[in-house]
Amino acid sequence: MTNRLDAAEVERLRTDTPGCAAVTHLNHAGSSLPPVPVLDREIAHLRREAEIGGYEAADEAKAADAAVYASIARMLGARPDEIARAEHATAAWNAGFWSVPMSTGQRVLTAEAAYGANAVAFLRAQERRGVEIDVVPSDDHGQVDVAELERRLDDDVALVAITHVPTNGGLVNPAAEVGRLTRAAGVPFLLDACQSVGQLALAVDDIGCDLLSGTGRKYLRGPRGTGFLYVRSELLDRLVPDHPDHHGAEWDRSDGFRLHDSARRFEYWEYNHAGWLALGTAVDYALDIGVGRIEATVKDRADELRAELGSASLPVFDIGAEQCGIVTTNVPGRAPGDVRDSLRRRSINTSVTMADGTRWDFERRNLEPMLRVSVHYLTTSDEIAAVVAGLTELR
Ligand SMILES: Cc1ncc(COP(=O)(O)O)c(C=O)c1O
């Protein structure tokens, strides 16, 4: 078992996080609190842009900018040229998804916990490409049924695309078991790791995914408006971005272009340089702590919260054989939006998860909107006690 962070370490990391003094932040799955080095990196670059010009500041930061690819690659066990920057996870996911060759009559396999944006893209692909979207049912634990996925994984499948950790609860889908099957079948595998990156240790070769999308602002504690896409190099030649520009492609003749031979083919020229640099700082920060230790600590915090909710006779809606830092609950008889607002007035941040985030799962489980309470390694027992006390009083 990997070592969890001890109380002294957590205290040090909380001191390094200005927001911890102001709020009880239990909305890390929405947008986490950045630590001082992330904030400083972003502000320093913005200041430099204002002082000497945006292009000139970018020139100065060239090496640091390149180092961000290396940091993300290190975190995922990938190569720097397999990483593309993106504005956020949905942009990264769409860049990957629409680049995968698919033809009429082929199928895309997914799972019930699919994120709303991805589901909309699936439905759009059904209209535009004539593919069939095949939602693999969940097993008794609530995770994607791997045996059923194996049965459906035949020659007609163009892509397997699943959400690792859904937006609406603690479920961790068995990504590595899915990857073992897709590799054996030679079918591309796109993993939405938006909610798992930064809270779970992810290694693309262990998982066996070919594409992986992530965001900066959630468990990685980076800035808003940042993200990335991992693309396995062996697959790159088969992947053509739907909307390349003259940064992702070389406009080398008047009547044509040549796509870049790295994941850069998925990027656009313009981006938020300060955000990207600060994302690199956030990734380094997580690597310094150790992603395995982060995972163990987050899971421990979430287990404690679920146990406290249970002791207070409050419901827990999380499913899955393996569970992570996202916890869903409710105060019976109270609208979760009102509960969230009441907690906010006490400086406790939570969020509400609705059907449009994960409609297939909502409908299957007959769910109502839920209060989402998401912990991180920063979360203390006092904070857990505070939110449970707040919920109990609202009952
Ligand atoms: C599972 C999952 N995937 C993708 C996204 C989209 O991420 P972004 O808002 O960075 O595009 C979210 C956002 O909450 C999510 O929960």
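Is aspartate 154 buried, partly exposed or exposed? Aspartate 154 is partly exposed, because its relative accessible area is 34%, where buried means under 20%, exposed over 50% and partly exposed in between, computed with a 1.4 Å probe on protein chains only. Before going on, note that this is a predicted model, in which local features need pLDDT of at least 70 and side-chain atom pairs count only at pLDDT 80 or more, while totals for chains, interfaces and linings use all residues. Residues are numbered from 1 along each chain as its sequence is written, and side-chain values use heavy atoms, with hydrogens and water left out.

**First stop: aspartate 154**

Select aspartate 154 in the loop between helix 7 (146–152) and strand 5; helices (H or I, at least four residues) and strands (E, at least two) are DSSP runs numbered from the N terminus.

**Second stop: helix 5**

Now select helix 5 (residues 89–97), where the buried residues are Ala89, Ala92, Trp93, Gly96 and Phe97. These residues lie on the same side of helix 5, because they cover an arc of only 125° around the axis, taken from the directions from the helix axis to the C-beta atoms. Among the elements that cover them are strand 2 (83–86), helix 6 (116–129) and strand 5 (157–163).

An oxygen atom of the ligand lies 3.0 Å from a polar side-chain atom of histidine 88. For lysine 218, a polar side-chain atom is 2.9 Å from a ligand oxygen atom. The protein buries 92% of the 390 Å² that the ligand exposes when taken alone, with areas from the Shrake-Rupley method and a 1.4 Å probe.

**Last stop: threonine 281**

Finally, select threonine 281 in helix 10 (residues 273–289), which counts as buried because its relative accessibility is 18%. Leaving aside residues up to four places away in sequence, threonine 281 touches Pro37, Val38 and Arg41, contact meaning heavy atoms within 4.5 Å.

Conventions: Polar contact = N/O pair within 3.5 Å; in protein donor to acceptor, adjacent residues only side chain to side chain.
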